[in-house]
Amino acid sequence: MHRQSQPRRLRPITSRFVLLPFALLLFSLIISACSFSLAADITPPPGSEQRPPIAVTQPAPISGPLYPLVPPNLESGKAILEEKCAPCHGDTGLGDGPQSAQLPNPVAAIGSIELARQSTPARWYTQVTQGNLQKFMPPFNSLSDRQRWDVVAYSFSLTTPPELVDQGQELYQANCARCHGGTGKGDGQDAAGGPKPPTNLTDQAFMAEKSADDFFQVTKNGLPPAMPAFGAQLSEDEIWALAAYLRSLTFTAPDEPVAVAETPTPGEAATPTSASATPIAEVPAGIGTVTGKVISAAGVELPEEMEILLHGFDNMQVAMTQTTTTQTDGSFIFPDIQMPDGRVFLATVNYGRTSYGSDIGIAQDGINILDLPIVVYETTSDASILKADRLHLFFEFVDAKTVRVIELYIVSNPSDKSLVAPEPGEASVVFSLPDGATKLEFQDGALGGRYIKTADGFGDTVSIPPGFGSYELLFAFEMPYDRNLELAHPVTMPVDAIVILAPEGDIKIKSDILQDSGVRDVQGTQYRTYSGGGLAAGDELRLTLTGKPSIGAPSLTTSSNTSLLVGLSVFGLALIMAGVWLYRRTRLNGADSLDAEQALDSSDSADFETSDSLMDAIIALDDLYQAGQLPDEAYQQRRDELKRRLKELVG
């Protein structure tokens with residue numbers, strides 16, 4: 001088979017390797033709670049000053065329709081759930097697995113009747129296939145398409161026991177079969193007499209996109225002009241039983257062969273998706289072709305010839321690098337590339353003093369064409385386009401007279417331009433330090449290299465591309481302490497949220513803009529957490545640190561005064577996750593907050609009946625995306641679906 005891999009969408013190459021080793025350990029800490037393995041993270045090419053984005057794993061590609069082509073095997077699904085899902089979700093799917101307490105967010109209770117009734121098989125299949133790393137659920141690459149449907153079907157069976165399905169089948173034959181037919185094909189004896197044909201309930205593509213709640217609402221309220229309401233004839237429990245039976249029809253085999261996209265047979269040439277003028281000849285097994293196209297996000301004309309570097313990685317190590325140039329239309333091609341199973345490919349290009357990366361592609365058996373387009377942006381030197389989504393501060397004591405302040409900035413560039421320094425060697429973004437700060441340290445680098453000293457702090461020379469959370473910076477400094485520290489910390493960009501953690505005990509933090517958010521256990525050590533609202537560029541974060549420190553508490557850093565320990569430590573990672581947990585909890589508890597997953601759920605299952613409700617849903621999604629709370633793929637997919645519904649509604 002010659003198939004194209006579905007690359008995973010990542011940010012431009014400058015985006016997230018500021019904390020690469022740090023993030024690798026972070027995900028290893030979280031992901032280790034579940035019994036599965038992930039593809040290795042990617043190390044940047046040697047000598048690359050602009051570091052590529054973190055690639056945690058390549059989701060398994062979704063091929064073909066989103067419904068089971070053969071009836072799922074519930075016994076197989078049960079075994080898969082017990083092995084791969086139960087450590088977090090629990091044997092009964094209630095989110096109470098032995099590893100669930102180690103995660104910073106509650107595990108989805110897939111065995112909850114309320115959740116299952118609002119969910120669709122297609123959505124759960126996508127979650128198993130693509131994962132949801134924002135919720136610390138990985139993609140299950142080790143499972144075949146059929147195994148994924150097996151575990152999805154078994155997950156739904158947790159809330160639809162056989163006796164409930166049997167009751168629903170009896171109700172169906174008594175109330176529905178005259179129109180929908182004995183097997184649900186829409187061919188009942190009264191089917192021809194209605195204003196429109198009854199729904200074919202064996203249409204698997206249709207059924208996999210519907211939730212039990214969809215079935216319940218239509219059965220109870222009807223669907224004019226053809227479907228009558230049964231709310232007066234059946235109790236709610238009976239309607240739910242009927243919905244359980246209809247759900248079981250999703251997991252039956254389709255009656256006719258499924259039409260799937262035609263795949264070239266071995267020996268045939270396959271056509272890349274990018275506009276390449278170079279034909280692709282047939283290739284032997286293990287040899288493939290990488291294609292792509294450099295695209296300007298602003299639509300401006302790009303140079304006729306741009307140098308493209310293709311990097312291949314095996315087990316986090318650079319295995320190959322090749323160079324080519326673009327054709328007149330911006331397309332490029334790398335023929336005759338060694339593609340052993342599992343090799344990761346990344347294409348890069350330099351444009352406007354910024355290095356950009358493609359999506360990543362992973363070689364797999366049966367795939368010998370990878371398409372890796374690269375989007376590039378125009379540039380600006382106006383750093384006011386940046387905003388900090390979160391500022392994390394952590395306090396630890398070097399000794400009784402010295403406190404180390406560790407800061408983590410998570411910064412977004414919501415514009416359509418990459419931020420670059422005014423001139424090479426100058427800073428693109430600057431940070432101020434409080435008076436009295438000494439021994440400035442960075443996780444990756446030092447003053448005089450990537451970082452340069454400024455009058456009241458330091459600057460970073462890297463380019464920052466568009467994207468939410470596209471830039472992260474970790475650094476530390478020391479402040480003198482004598483049972484009291486008045487900290488006046490200037491910020492050079494707007495800060496949406498502040499999260500602070502300090503060892504619990506005699507140390508107290510007071511500030512007009514912070515609130516005490518309680519104590520959180522991190523790896524057996526108690527930490528007091530504080531959170532606060534936003535600051536404008538030029539404001540100061542003012543706080544008072546008082547009390548006698550307890551020397552000997554776990555440390556986030558080494559004793560080195562030249563650089564932070566690469567990746568910090570597992571303890572430090574857990575501490576940062578506690579800050580992320582606090583930030584999310586604070587946002588969710590806000591009066592005007594809206595959880596991104598809830599928004600996606602509602603836009604997926606809501607029965608929109610007016611153009612206004614559809615427009616409201618689109619606006620809500622846009623707001624969440626602009627706030628950085630939705631991943632690109634989920635946002636675009638849901639927005640396209642809502643736009644399609646709106647178009648159908650208005651004709």
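**View 1. An open sheet of three strands, in the order β13-β16-β15, has antiparallel pairing.** Strands are DSSP runs of E with at least two residues, helices are runs of H or I with at least four, and both are numbered from the N terminus. Two strands count as paired if DSSP finds at least two bridges between them. β13 (429–432) and β15 (451–454) each have a single partner strand and stand at the edges, so one side of each lacks a neighbour in the sheet. From one strand to the next the twist averages 30° (axes are lines fitted to C-alpha atoms, and angles run from 0 to 180 degrees between N-to-C directions). Four bridges join β13 to β16 (residues 457–460) in the antiparallel sense; V429 stands opposite D460 in β16.

This is a predicted model, in which local features need pLDDT of at least 70, side-chain atom pairs count only at pLDDT 80 or more, and totals for chains, interfaces and linings use all residues. Residues are numbered from 1 along each chain as its sequence is written, and side-chain values use heavy atoms, leaving out hydrogens and water.

**View 2. Strands β18, β23 and β20 form an open antiparallel sheet in the order β18-β23-β20.** The edges are β18 (484–490) and β20 (508–510), each with a single partner strand, so one side of each is without a neighbour in the sheet. The twist here averages 20° from one strand to the next. β18 pairs with β23 (residues 540–546) over seven antiparallel bridges, and the bridge partner of E486 in β23 is T544.

**View 3. Helix α5 contains buried residues, including W149 and F156.** Buried means under 20% relative accessible area, exposed over 50%, and partly exposed in between (1.4 Å probe, protein chains only). The cover over the buried residues of α5 includes α2 (74–89) and α10 (236–249), where contact means heavy atoms within 4.5 Å.
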